[in-house]
Amino acid sequence: MDILIQVIITGLATGGVYGLIALGFVLIYKATSVLNLAMGEFMTLGAFICMTFLLQLNSPFYLAFILTLLTACVLGFVIERIILRPLIGEPIISVIMVTIGLGLILKGLMYMIWTPTFRTFPEIFPPKPLLLGFAVVPSGLFWGFIFAIIATAVFLVIFKYSRTGVAMRATANDQQAALSMGISVRWIFALAWCFGAMASVIGGIVIGNISGISVYMGDVGLKVLAVIILGGLDSIGGAILGGLIIGVLENLTGLYIDPLIGGGAKGIAPFFVLVIILMVRPYGLFGKELIERV
Amino acid sequence: MQMEDNKQYQLRLEDIHLSFGGLQALNGVSTGVRKGEIFSIIGPNGAGKTCLLNCINRFYHPEKGSVILEGRDISRIKPHKIAALGIARTFQNVELFGHMSVLDNIKLGAHVHLKSGSLSGGIYYGKSRREEIDLRSHIEAKIVDLLEIEHIRKSVVHSLPYGLQKRVELARALAMRPRILLLDEPATGMNLEETEDMARFILDINEEWGVTIVLIEHDMGVVMDISDRICVLDFGQKIAEGKPDEIRHNEQVIKAYLGEEDITYSRLGA
């Protein structure tokens with residue numbers, strides 16, 4: 001019983017972080033209909049940049065965090081402006097291919113700058129594990145979860161209640177109408193990329209802190225793909241819930257199925273879900289079911 | 001004559017050319033809309049009516065020609081800035097924000113008039129902001145009242161029947177407090193009663209609010225009844241312009257609508 005609760009809590013904590021990164025995916029997808037497959041690399045880049053600020057410049061964590069967010073913001077704007085904007089109007093598949101290329105380029109650049117060595121993140125959270133009832137939560141996971149929840153809440157509030165958020169929702173819903181209301185659709189696209197990059201960078205810092213940084217950390221991005229397919233590509237609530245479900249499921253698989261088959265199931269559980277969801281409910285749990293009327 | 005005429009036009013289109021690949025959608029259309037009138041654009045399907053509206057509010061970029069609003073050339077302005085100049089529109093196929101409520105849709109129309117910074121919106125409540133909000137809710141109430149959509153204020157838009165959606169779209173455009181309102185087939189797909197309501201709303205908006213109206217409509221009854229002037233397009237060209245009575249008896253217009261044997265053949269490419 002204890003171990004079950006323990007595993008579920010660990011799963012929820014990881015899931016919270018997945019949810020945050022998934023939110024980044026969804027923000028970009030909703031506003032611009034682009035599935036950004038370079039999300040994992042955004043994440044890794046964020047972790048590396050934050051680490052560099054902490055170690056090279058000896059800045060305190062809060063400063064490094066803010067600087068990383070600013071960098072992500074600029075990165076989002078620049079990428080949207082010079083890579084994505086010229087592609088507006090091109091078939092969606094080419095745009096997605098371009099984001100894959102973008103991911104590879106970012107990966108290569110990180111390889112060159114930070115070398116492929118695996119590193120541990122400088123300690124930013126108090127190292128003492130936390131006791132919650134009868135479960136023990138490693139501090140990295142706990143604080144990471146808190147971080148992810150706060151960040152997710154902030155993004156949600158902006159999206160739901162600020163005027164910018166309303167404009168983003170309007171654009172996601174109907175670009176023509178938004179344009180005729182005086183909303184600059186280009187500005188909204190740029191903002192979506194900026195928010196998306198920020199969400200993934202925070203995710204990167206948290207994951208880097210939990211399990212160390214390497215150039216290959218971005219592979220988590222693929223797992224998050226399973227999360228958003230499960231939750232529904234265009235559903236923010238779905239992204240968060242999907243994250244929690246995948247997180248818990250992954251850890252439960254590790255607990256119950258791995259011993260039976262000698263390990264390995266934990267890693268593929270999210271993709272197993274991905275395939276099943278695509279077969280039975282391709283628009284995900286909360287995604288908009290597209291019915292084309294002609 | 002030109003100078004005098006130019007002055008009384010609030011919105012003027014000069015020699016608009018627009019093509020898509022080899023298709024000439026608009027071929028040198030020039031016309032003008034006077035302040036406070038109801039100006040209708042009619043013509044058979046594919047005549048270029050919607051293209052003309054799209055040129056006015058900058059969705060399309062004409063290859064040649066200019067759009068002049070109150071003496072100012074607006075044909076190089078960014079499309080999202082058009083709303084702030086006082087031009088609002090509705091669409092042929094309803095383009096509402098489907099998952100939002102009716103009131104939220106109307107509020108989005110007022111978006112363009114909120115001047116505070118984009119991130120501060122909804123957080124800062126100063127005095128001027130208070131007043132702004134009062135003014136807005138006053139206008140919203142007036143619009144809801146005028147268009148008789150009180151009972152559906154809180155409903156989610158995509159759950160509403162088509163006729164009501166069209167009304168909500170009109171309400172949203174009105175919330176922009178436009179000086180010129182472009183209406184693209186507001187009565188399409190409506191039954192007789194709904195069409196009559198819509199015609200009444202358009203007249204009210206024109207008379208009570210003093211909004212200039214540019215209307216595209218296929219329902220000739222409505223067009224002839226409420227228009228001050230009518231412009232007829234056929235194959236991207238203006239073939240007539242004038243008062244409803246003049247248009248009704250214009251031979252070229254009748255030809256365009258009813259077809260004439262040799263014209264019909266030439267259209268088929270013979």
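Let's start with one pair: A:R85 and A:E80 form a salt bridge between their side chains, 3.1 Å from N to O. By salt bridge I mean a side-chain nitrogen of Lys or Arg within 4 Å of a carboxyl oxygen of Asp or Glu. Both A:R85 and A:E80 are buried. Buried is under 20% relative accessible area, exposed is over 50%, and partly exposed lies in between (1.4 Å probe, protein chains only).

Some ground rules. This is a predicted model, where local features need pLDDT of at least 70, side-chain atom pairs count only at pLDDT 80 or more, and totals for chains, interfaces and linings use all residues. Residues are numbered from 1 along each chain as its sequence is written, chains are lettered from A and ligands numbered from 1 in the order written, and side-chain values use heavy atoms, with hydrogens and water left out.

Back to salt bridges. Over all chains, the structure holds 17. Take A:E250 and A:K223: their closest N and O atoms are 2.8 Å apart. That pair links distant parts of the chain, with A:E250 in helix α10 (236–256) and A:K223 in helix α9 (220–231) of chain A, 27 residues apart. Helices here are DSSP runs (H or I, at least four residues), and strands are too (E, at least two), numbered from the N terminus. A:E250 is buried, at 4% relative accessibility.

Now chain B. B:R12 and B:E14 meet in a salt bridge at 2.3 Å, N to O. B:R12 is buried at 13%; B:E14 is partly exposed at 31%. Salt bridges with shared partners also join B:E37, B:R229, B:K238 and B:E241 into one network.

Next, domains. Chain B has domain 1 (2–86 + 178–267) and domain 2 (101–175), with bounds from an automatic or database assignment. Between them they bury about 1400 Å², 74% of it on carbon and sulfur atoms. Buried area is the accessible area (1.4 Å probe) that two parts lose on being put together, summed over both. On the domain 1 side, B:F201, B:I205 and B:W209 lose the most, together 40% of what that side buries. Two salt bridges are counted between these domains.
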